[in-house]
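Q: I'm new to this structure and would like to learn how to read it. Could you walk me through it, one feature at a time?

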Amino acid sequence: MNENDMLKKVRAGELAANNGTIIRTLGMLGLDYQYLRLRVLQTTLADSMGRAAMCSAINYLADSGYILVRTVDEHAPSSVSDAEPELLEIKLSPAGTRIQRGVEKDPLIEL
């Protein structure tokens, strides 16, 4: 295995762990029925996950349909690529709830 392959595996492992942390956190808070502001999530996870890592995980989870992301003020669908995380809120989608409860699996989500 060359250095590039090892780096890819490390990054994939970090993303999978971060994705799992977000899914577990939302599940523990019961957020399959209400939204959580990203700034609250960011503060909660500050010791274990930086802003860039959190945004990367949020992007993956949203693009995969596991979480719903919307603006706080207008409640319009959005993404962390389009707006500052402080202006967004998220919740688990039905697919995210299935992942969180172990009904479905994703290789990039480490629960």
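Q: Where is His75 found?

A: His75 sits in the loop between β2 and β3. A word on the source: this is a predicted model, where local features need pLDDT of at least 70 and side-chain atom pairs count only at pLDDT 80 or more, while totals for chains, interfaces and linings use all residues. Residues are numbered from 1 along each chain as its sequence is written, and side-chain values use heavy atoms, with hydrogens and water left out.

Q: What is the phi of His75?

A: His75 has a positive phi of about 60°, although it is not a glycine.

Q: How many helices and strands does the chain have?

A: Helices (H or I, at least four residues) and strands (E, at least two) are DSSP runs, numbered from the N terminus. Here there are four helices and three strands, and reading along the sequence gives the pattern α-β-α-α-β-β-α.

Q: Is His75 buried, partly exposed or exposed?

A: Buried means under 20% relative accessible area, exposed over 50%, and partly exposed in between (1.4 Å probe, protein chains only). His75 has 45% relative accessibility, so it counts as partly exposed.

Q: Which residues is Thr71 in contact with, leaving aside its neighbours within four places in sequence?

A: Contact means heavy atoms within 4.5 Å. With those neighbours left aside, Thr71 is in contact with Ala76, Ser78, Leu87, Leu88 and Glu89. Thr71 belongs to strand β2, residues 67-71, and at 13% relative accessibility Thr71 counts as buried. Across the chain, look at the contacts with a separation of 6 or more: residues 24 or more positions apart account for 63% of them.

Q: How many salt bridges are there?

A: A salt bridge is a side-chain nitrogen of Lys or Arg within 4 Å of a carboxyl oxygen of Asp or Glu. By this rule the count is four. One of them joins the side chains of Glu84 and Arg51, at 2.6 Å from N to O. Glu84 lies in the loop between β2 and β3 (88-92) and Arg51 in helix α3 (residues 51-63), so this pair ties together parts 33 residues apart in sequence. Glu84 is partly exposed at 45% relative accessible area, and Arg51 is partly exposed too, at 35%.

Q: Which residue does the side chain of Arg70 meet in a salt bridge?

A: Arg70 pairs with Glu89, again at 2.6 Å from N to O. The pair links distant parts of the chain, with Arg70 in strand β2 and Glu89 in strand β3, 19 residues apart. Glu89 counts as buried, at 7% relative accessibility.

Q: What about Glu104: which residue does it form a salt bridge with?

A: The partner of Glu104 is Arg98, and their closest N and O atoms are 2.7 Å apart. Salt bridges that share partners also join Arg51, Glu84 and Glu86 into one network.

Q: Which residues touch the most other members of the largest nonpolar core?

A: In soluble globular proteins, nonpolar side chains tend to be buried together. A nonpolar core is a set of buried Ala, Val, Leu, Ile, Met, Phe, Trp, Tyr and Cys residues joined through side-chain atoms within 4.5 Å. The largest one here has 24 residues, and Ile22, Leu41, Ile58, Ile67 and Ile90 touch the most other members. The elements giving two or more residues to this core are α1 (3-28), α2 (38-44), α3, β2, β3 and α4 (94-100), and α3 gives the most, with five.

Q: Which residues of α3 are buried?

A: They are Met54, Cys55, Ala57, Ile58 and Leu61. Seen down the axis of α3, these fall within an arc of 165° (the arc is that of the directions from the helix axis to the C-beta atoms), so they line one face of the helix. The face turned away from that buried side carries the exposed residues Ala52 and Asp63.
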